[in-house]
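Work through the exercises below with the sequence and the 3D structure at hand. Try each task before reading its solution.

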Amino acid sequence: MRRREFITLAGGMAVWPLVARGQPKAARLGVLLFSSSDPQMPTVQDRLQELGYVLGKDLLATQRDGGGSYERLPQLAAELVAEKPDLLLALGGDVAPYAAKATSTIPIVFLSSADPVRLGLTASLARPSYNATGVTLLLDDTASKRLELIREILPRVQRTAFLWNPDHPDNELVEAQRAAPALNMELQLVELRGPKDLESALRTLSEAQPDALYVVSSRYTVLNIPRIAEFAKANRIPLAGGWGAWAHAGGLLSFGPNTTEMARRAAEYVDKILKGSKPADLPVQQPTKFELIINAKAARELGIDVSPTLLARADEVIE
């Protein structure tokens, strides 16, 4: 039986039992997600299976998701803690804090595009100190690099819309604001905190008609990649995103970590802690490799000529 056969129950809950070969005692895993369609969860499940966990009875995982709503996450986190799992897995920088607020004793593994120190999840990246550790997709210079790529592909760009969530503690705005003047680029900030802001944010972008669109990835923007990418295409706005899914959805380019690899690392931390490691002893992992993906088809539709030199530098070119 594969992950697609996991049973989804009412109320945003799923239970997927696993068995780890050689484990004499059943372990319990609680999983907190922003939505049931979280893009990293299948990778986590696959990696756990590769590590020796198969469907069975020795590792029982209860999964709760907020259905795309932040408001439900505090209650769902509390419900998972009440189940007294051996470990909590929280996917998303805007999800993990709810798990951390619900317990200071149950180990937590997170996968976050936000800063875990600013979130209060860890004391530092090297020495987490608390009951949480995991993987962050954050690295300081990626924001400036994305702006440089926009400038390289669009030499005449002046105004770049910056779609972001002020409640998502990352360093992308600070780094982008630092880099923009040297690139002779003006940033137009457009806030997107959650579902209530999506239509107004897209309306603002439509009225402004910027030369380019930079989207900061969060669990909510990632959930809406198809909608945002389709909007950019319909309005002929070149879009730059944080990782491959944006380019594959029709954006002009993406530059960032391989999220599949980072999700695999999070699963490996789940395995380590279930086997006895303590979160405080496991440093938060950061990406070490970044991928440039260029959507050549989107470029042609926008009338943009991407230089052969840049295409040769890309890790992937979508034709």
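## Exercise 1: Helix H1

The buried residues of H1 are Met 41, Thr 43, Val 44, Gln 45, Arg 47, Leu 48 and Gln 49. The model is a predicted one.

Task: Decide how far H1 is enclosed by the rest of the structure, and find the phi of Gly 52.

Solution. 
Step 1. A residue is buried when its relative accessible area is under 20%.
Step 2. In H1, 7 of the 10 residues are buried, so the helix is largely enclosed by the rest of the structure.
Step 3. Gly 52 follows H1 and has a positive phi, near 115 degrees.

## Exercise 2: H1 against H10

Task: Describe how H1 and H10 pack, and name the residues that make the contact.

Solution. 
Step 1. Two packed helices are described by the angle between their axes and the distance between the axes.
Step 2. For helix H1 (residues 41–50) and helix H10 (residues 259–274), the angle is about 50 degrees and the axes are 8 Å apart.
Step 3. Angles under 35 degrees count as roughly parallel, those over 145 as roughly antiparallel, and 65 to 115 as roughly perpendicular, with the rest oblique. H1 and H10 are therefore oblique to each other.
Step 4. The crossing of H1 and H10 is right-handed.
Step 5. H1 contributes Thr 43, Val 44, Arg 47, Leu 48 and Glu 50 to the contact, while H10 contributes Thr 260, Ala 263, Arg 264, Ala 267, Glu 268 and Val 270.
Step 6. Sorted by class, the contact of H1 with H10 has 5 nonpolar, 2 polar and 4 charged residues.

## Exercise 3: Arg 264

Solution. 
Step 1. Arg 264 and Gln 40 are 224 residues apart in sequence, yet their C-alpha atoms are 8.8 Å apart in space.

## Exercise 4: H4 against H5

Task: Apply the method of Exercise 2 to H4 and H5.

Solution. 
Step 1. The axes of helix H4 (residues 142–153) and helix H5 (residues 172–179) come within 7 Å and cross at roughly 50 degrees.
Step 2. This angle makes H4 oblique to H5.
Step 3. H4 and H5 cross in the right-handed sense.
Step 4. From H4, the residues Ala 143, Ser 144, Arg 146 and Leu 147 meet Glu 172, Glu 175, Ala 176, Arg 178 and Ala 179 of H5.
Step 5. By class, the H4 contact with H5 holds 4 nonpolar, 1 polar and 4 charged residues.

## Exercise 5: Asn 131

Task: Is Asn 131 buried or exposed, and which residues does it touch beyond four places in sequence?

Solution. 
Step 1. Asn 131 is in the loop between strand S6 (108–112) and strand S7 (132–136).
Step 2. Its relative accessibility is 13%, so Asn 131 counts as buried.
Step 3. Leaving out residues up to four places away in sequence, Asn 131 touches Thr 103, Ser 104, Thr 105, Ile 106, Pro 107, Ile 108 and Pro 279.
Step 4. A polar atom of the Asn 131 side chain lies 2.8 Å from the backbone oxygen of Ile 106.

Methods:
Residues are numbered from 1 along each chain as its sequence is written. This is a predicted model: local features need pLDDT of at least 70, side-chain atom pairs count only at pLDDT 80 or more; totals for chains, interfaces and linings use all residues. Side-chain values use heavy atoms; hydrogens and water are left out. Axes are lines fitted to C-alpha atoms, for helices over the stretch in contact, and angles run from 0 to 180 degrees between N-to-C directions. Helices (H or I, at least four residues) and strands (E, at least two) are DSSP runs, numbered from the N terminus. A crossing is left-handed if the near helix is turned anticlockwise from the far one by less than a right angle, and right-handed if clockwise. Contact means heavy atoms within 4.5 Å. Ala, Val, Leu, Ile, Met, Phe, Trp, Tyr, Cys and Pro count as nonpolar, Asp, Glu, Lys and Arg as charged, and the others, Gly among them, as polar. Buried means under 20% relative accessible area, exposed over 50%, partly exposed in between (1.4 Å probe, protein chains only). A polar contact is a pair of N or O atoms within 3.5 Å; within protein, one must be able to donate a hydrogen and the other to accept it, and residues adjacent in sequence count only if both atoms are side-chain atoms.
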